[in-house]
Amino acid sequence: MSYLFSHWRLIGVLTLQHLGLVFAALAIALALALPLGIFAARVPRVSAPLLGLLGALYAMPSLALLAVLVRYFGLGAAPVVAVLAIYAQFILVRNIAAALRAVPRAQLDAARGIGMSSRQQFWRVELPLASPVLIGGLRLATVALIAIATLGGYVGAGGLGNEIFFGLQRRYLEQTLAGSIPAALLAIAADTAFRALERVATRRTAG
Amino acid sequence: MDGVSFEIPAGSFTVLLGPSGCGKSTLMRTVNRLVTPRSGTVTVGGRDVASIEPTALRRATGYVIQAVGLFAHMSVAQNIAVVPELLHWDRERIARRTDELLELVELDPQRYRSRFPRELSGGEQQRVGVARAIAAEPQVLLMDEPFGAVDAIARRSLQDELLRIVRTLQTTVLFVTHDVEEALRLADRIAVMRDGKLLQYAAPDEMLRAPANTYIAQLFAVKADLRRYDSLRNALSVER
Amino acid sequence: MNLTRARAIALAGSALALPHCGRSNAIRIGSKNFSENITVAEIYAAVMEREGFKVERHMNLGSTQIAMAAIRRGDIQIYPEYTGTALIDVLHLEPLRNANAVYDTVKREFQKRFGLSLLNPSPGSDSQGLAVTRAVAQKFNVRTLSQCAAAAPRLRLAAVPEFVARADALPGLQRFYGGFKFKSVRTFDIGLQYEALAHGDADVATAFTTDARIAADDLYVLRDDRSFWPAYNIAPVIRLDLLKIHRLDIPGTLNRVTEGLTDIALRRLNVEVDINKRDPADVASEFVY
């Protein structure tokens with residue numbers, strides 16, 4: 001543990017960078033995934049091919065994807081955030097579509113029959129009722145992105161990946177742990193926080 | 001649906017009666033434009049509904065469904081307030097109206113205002129559903145088998161209350177059911193439908209006395225005695 | 001400690017700032033993500049700093065492709081590359097046996113295709129090789145790959161997994177040198193083949209010729225007497241604009257420090273970083289001063 005103690009400032013900075021990468025990516029990913037997820041939920045015919053495409057992107061080797069993105073975005077946070085946002089699409093779109101499909105028909109019928117515009121139906125009824133499953137998807141995506149954000153080390157975006165990969169490369173367990181323990185703690189914290197939110201949302205929307 | 005044409009007097013209680021799949025719900029849903037007829041027109045108060053913006057039309061039309069469809073993430077008060085809010089009523093007026101409606105459907109505002117739908121019985125939920133539908137004082141109230149999912153005892157009292165409420169408010173009601181007994185209890189006029197066609201449109205007594213065909217005669221035969229007893233009881237309860 | 005801190009803050013800056021805005025006139029030095037490359041890049045950085053330049057570090061880049069993309073965009077201006085890697089993985093050309101031919105080809109093609117220059121190559125080469133303990137070298141009288149090819153039936157090989165299958169490894173050796181029919185071949189995860197050697201479970205181990213373990217375990221690297229393996233000399237890849245802009249003789253400065261990067265020097269640097277777990281920047285500044 002002496003490595004962690006002598007490098008705590010570095011680890012602190014890397015942890016913050018890591019979080020920064022994850023949250024920037026989540027925000028962008030959500031802005032993309034929400035319309036895609038809605039589209040997939042509304043038009044079941046496109047759902048399978050769309051998810052297939054996103055699954056294929058998800059399966060792309062990250063280093064190759066990063067190398068391509070560096071060509072357009074340069075080094076730093078941008079290519080990593082882009083990779084993370086791309087990877088998150090698969091998880092988010094699938095969950096958003098599933099969440100929307102799971103909303104009870106009766107409440108949607110009532111919302112429409114009562115005179116809500118389609119926008120009001122979505123924001124006031126559909127989205128809140130979909131929120132437990134949706135938050136579940138967000139939880140999965142966040143935990144996955146915390147793991148994948150270690151790629152940041154590969155393109156000068158910082159993050160805990162720096163320590164993990166360098167430590168692994170030179171078989172320096174303490175350095176690897178100094179990167180992976182904070183990453184694991186971040187993942188656990190995110191998981192716990194989202195689970196709590198999920199519970200609240202579930203309690204609030206149970207029929 | 002084909003060749004269905006009839007007129008409903010303002011302030012009357014009309015029941016669309018028929019087996020499931022006969023088109024009665026679909027017919028009802030053309031009134032608030034949840035369904036658009038391929039041809040033909042629906043007019044409310046002399047206006048073709050096709051000329052009214054759907055959301056405006058629906059906000060001015062009460063709508064109650066069997067599954068109730070109370071919004072699970074909103075309290076009872078919030079559910080009732082949905083349409084007034086869509087109509088931008090001020091907050092105080094909404095609060096007053098909410099309590100007034102809860103009293104009208106015989107739920108104590110103090111106790112029920114901030115409860116959530118999952119904390120209510122089926123009967124209580126449908127009372128809130130009715131309150132929500134009439135919150136903005138609609139001229140027309142559409143009810144699609146509203147009491148189909150509640151038990152027989154609760155259904156009786158809900159029916160009685162519904163009659164009391166709509167008579168007080170002078171609302172025009174269009175009520176869909178496949179339950180002959182319910183139709184007889186509630187209706188000023190009954191429209192019997194089968195296979196997308198309107199078989200007869202008449203007051204209950206007339207229908208019992210002069211059924212248009214043997215199908216209708218059979219439909220009402222077993223209920224004739226019951227009707228006599230019920231109408232007596234109804235008359236008494238309304239007078240009281 | 002201070003250097004570590006400086007690195008942390010430089011990293012923070014690079015993550016927050018978008019590549020093109022507010023770029024200082026510091027020299028941007030990059031490296032790939034393994035000890036030797038990082039340490040050599042830190043050596044470049046240290047000599048530049050010694051000459052009074054500001055240096056912006058972009059170490060740990062995840063692959064050759066990422067480093068190449070970065071230098072072609074100008075996100076970095078210098079990074080250490082291996083001549084063999086540049087020839088095969090970047091230019092996708094056939095391997096060449098002659099080290100000078102490799103260097104000349106890469107230098108010419110980099111200039112032509114990418115507008116990048118290649119400074120002088122290091123005398124040391126991080127290529128593939130076979131290592132034995134001094135005792136085995138003496139007992140079986142093996143000093144070269146030719147001798148090893150002949151003695152193989154009496155020797156046990158500890159190999160990293162891909163060594164057994166790759167055309168530029170065991171099958172190629174067998175075709176090129178003949179022989180090389182080892183008594184036994186066991187495969188180990190990278191690094192563990194040295195453990196097998198140390199514990200006497202094997203007589204010959206696959207190696208990279210500048211691995212720290214060679215110095216640490218006092219191993220002997222068999223001489224590739226017929227040049228089977230291509231050369232992997234280290235040379236700074238540098239953007240032409242950097243050569244033009246700066247008043248300093250950057251090529252001369254880097255060429256001087258490159259001269260010191262022999263096999264033995266590289267192994268020593270790798271020992272400091274890989275085995276003594278020291279910070280590459282600290283090791284580099286010791287090397288330079």
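This note walks through a predicted model, point by point.

1. **Ground rules.** Residues are numbered from 1 along each chain as its sequence is written, while chains are lettered from A and ligands numbered from 1 in the order in which they are written. Because the model is predicted, local features need pLDDT of at least 70 and side-chain atom pairs count only at pLDDT 80 or more, whereas totals for chains, interfaces and linings use all residues.

2. **A sheet in chain B.** Let us start with an open sheet of six strands in chain B, whose order is 4-5-6-1-7-8 and whose pairing is mixed. Strands here (E, at least two residues) and helices (H or I, at least four) are DSSP runs, numbered from the N terminus, and two strands pair if DSSP finds at least two bridges between them. Strand 4 (61–65) and strand 8 (197–202) of chain B stand at the edges with a single partner strand each, so one side of each has no neighbour in the sheet. On average, neighbouring strands of this sheet are turned by 15° against each other, direction ignored; the axes behind such angles are lines fitted to C-alpha atoms, for helices over the stretch in contact, and angles run from 0 to 180 degrees between N-to-C directions.

3. **Is strand 1 buried or exposed?** Five of the five residues of strand 1 (residues 13–17) of chain B are buried, so the strand is largely enclosed by the rest of the structure. A residue is buried if 20 or more other C-beta atoms, placed from the backbone, lie within 10 Å of its own, exposed if 12 or fewer, and partly exposed in between. In a regular strand the side chains alternate between the two faces of the sheet. Here both faces are covered, with B:Phe13, B:Val15 and B:Leu17 buried on one side and B:Thr14 and B:Leu16 on the other.

4. **Helix 8 of chain A.** Eight of the nine residues of this helix are buried, so helix 8 of chain A is largely enclosed by the rest of the structure. Among them are A:Ile164, A:Phe165 and A:Phe166. The buried residues pack against helix 2 and helix 9 (173–205) of chain A, together with helix 2 (35–50) and strand 2 (55–61) of chain C. After the helix comes A:Arg171, with a positive phi near 50°.

5. **Where chain A meets chain C.** 30 residues of chain A are in contact with 29 residues of chain C, contact being C-beta atoms, placed from the backbone, within 7 Å. Helix 8 (161–169) of chain A is one of the elements supplying at least two residues to the chain A side. That side has 15 nonpolar, 11 polar and four charged residues. Ala, Val, Leu, Ile, Met, Phe, Trp, Tyr, Cys and Pro count as nonpolar, Asp, Glu, Lys and Arg as charged, and the others, Gly among them, as polar.

6. **The cores.** Which residues have the most contacts inside the largest nonpolar core? They are A:Leu84 and A:Ala88, in a core of 177 residues. Such a core is a set of buried Ala, Val, Leu, Ile, Met, Phe, Trp, Tyr and Cys residues joined through C-beta atoms within 7 Å. Helix 5 of chain A gives the largest share, 17 residues. A second, separate core has 34 residues, including C:Leu130 and C:Phe180.

7. **Two loop residues to look at.** B:Glu137 lies in the loop between helix 7 (122–134) and strand 5 of chain B, and its phi is near 50°, a positive value in a residue other than glycine. C:Asp218, in the loop between helix 11 (212–216) and strand 9 (219–221) of chain C, has a positive phi near 55°. C:Asp218 counts as exposed because it has 9 C-beta neighbours inside 10 Å.

Conventions:
Contact = placed C-beta atoms within 7 Å.
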